[in-house]
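Visitor: I would like to learn how to read a protein model. Please take me through some features one by one.

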Amino acid sequence: MRILIIGGNSSVSRYLIPLFSEDYEIITVGRRNCDINLDSNKSLADQLPNHIDIVIHTAAAFGRKTAKEIYETEKYNVLDTMDLCFQLKKMNVKHFIFISSIFVHLEETSPLYSIYNISKQHAEEVIKYCLKKEEIPYTILRPSQLYGNDPAFVKHHPFLYQIIEMASKGEKITLFGNHGGSANYLHIKDFTETISRVVKNGVFGVYDSITRTPNTYLEIASIVYELTNNPINVEFLRDRKESGQGFTFDDTIYKKLDFFPKMSIKDGLAEILNVT
């Protein structure tokens, strides 16, 4: 069986490839350092191979600020995904897996609302529309905030990794509100195991993939202080609004796969800190 991974250099792909490499033929696609390095001057149809069984789309753009970033995020996440959908039939694809985001559930009033989650919403609608017409089974997975021992996660969750760095040095951390906010941090190993089981069990549909409960930033800081043998050193600006965003747990995908996330936040932080 041949699996094509779009976004071969993404953090998801780097953890996912080892799970498949023994049982499947893996072909990576991306802008650089992949089996197929895409040339923007050529059509996608001329660059993708035929006779692919499964396509896993892990690539995404995250630009949120400038007009150019907003435009490129929408183009990359939506229009390029649409172009890919048009090619799946020609490639004889039997299963398309798209990595979306739990942020598709954000309301416009959320401080985290951005072109990123808007583009993911658009991409999901494009996939549903195009692949229903082509009669290609698909799976859309919406992970919550992914983290792990990989530098690529730092730019997506700078506040989390700032807390980890400062607490590991015993420095004072300033948090807003009563707990500093919270987020559903899902370890990358648990998420890639979820993807692996989706492939092996042929599970189709649209699913959230998050942790059972959000982790407060106070909890995270306290764990890091403990793991590094530093006294807790946290102050609160209680007149400031807490940051972060928690989401409601949905275990549908985990029940289907007979697998629930195993990595506790403490074990995940210990792996990042390289402590036992």
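Guide: We will go through strands, a core, a helix and some salt bridges. Keep in mind that this is a predicted model.

Visitor: Let us begin with a strand. Which way do the side chains of strand β4 point?

Guide: The general idea is that in a regular strand the side chains alternate between the two faces of the sheet. Strand β4 covers residues 54–57. Ile54 and Ile56 point one way, and Val55 and His57 point the other way. All four of these residues are buried.

Visitor: Which strands pair with β4, and in what sense?

Guide: Strand β1, residues 2–6, pairs with β4 in the parallel sense, over four bridges. Within that pairing, Ile3 has Ile54 as its bridge partner. Strand β5, residues 95–99, also pairs with β4 in the parallel sense, again over four bridges. Here Ile56 stands opposite Ile97 of β5.

Visitor: Now the inside. Which residues touch the most other members of the largest nonpolar core?

Guide: That core has 49 residues, and Ile3 and Ile56 touch the most other members. Helix α6 gives the most to this core, with seven residues. A further core, of 26 residues, lies apart from it; among its members are Ile6, Val93, Cys130 and Ile136.

Visitor: What does Ile3 touch, leaving out residues up to four places away in sequence?

Guide: The contacts of Ile3 are Phe20, Tyr24, Glu25, Ile26, Ile27, Ile54, Ile56 and Val199. Two of these names have come up already: Ile54 is the bridge partner of Ile3, and Ile56 points the same way from β4 as Ile54.

Visitor: How many residues of helix α6 are buried?

Guide: Helix α6 spans residues 217–227 and is mostly covered, with eight of its 11 residues buried. These are Tyr217, Ile220, Ala221, Ser222, Ile223, Val224, Tyr225 and Leu227. Just after the helix, Asn229 takes a positive phi of about 55 degrees.

Visitor: I also want to read salt bridges. How many are found in the whole structure?

Guide: Side chains of opposite charge can pair when their charged atoms come close. A search of the whole structure finds 13 salt bridges. One of them joins Arg14 and Asp150, whose closest N and O atoms are 3.1 Å apart. This pair links distant parts of the chain, 136 residues apart: Arg14 is in helix α1 (residues 11–20), and Asp150 is in the loop between β7 (146–147) and α4 (158–168).

Visitor: Where in the chain are the partners Asp208 and Arg142?

Guide: In this salt bridge the closest N and O atoms are 3.5 Å apart. Asp208 lies in strand β11 (residues 205–209) and Arg142 in strand β6 (residues 138–143), 66 residues apart. Both Asp208 and Arg142 are buried. Salt bridges that share partners join Glu124, Arg142 and Asp208 into one network.

Visitor: Which residue forms a salt bridge with Lys255?

Guide: The partner of Lys255 is Asp251, with the closest N and O atoms 3.5 Å apart. Lys255 counts as exposed because its relative accessibility is 58%.

How values were computed:
Residues are numbered from 1 along each chain as its sequence is written. This is a predicted model: local features need pLDDT of at least 70, side-chain atom pairs count only at pLDDT 80 or more; totals for chains, interfaces and linings use all residues. Side-chain values use heavy atoms; hydrogens and water are left out. Buried means under 20% relative accessible area, exposed over 50%, partly exposed in between (1.4 Å probe, protein chains only). Helices (H or I, at least four residues) and strands (E, at least two) are DSSP runs, numbered from the N terminus. Two strands pair if DSSP finds at least two bridges between them. A nonpolar core is a set of buried Ala, Val, Leu, Ile, Met, Phe, Trp, Tyr and Cys residues joined through side-chain atoms within 4.5 Å. Contact means heavy atoms within 4.5 Å. A salt bridge is a side-chain nitrogen of Lys or Arg within 4 Å of a carboxyl oxygen of Asp or Glu.
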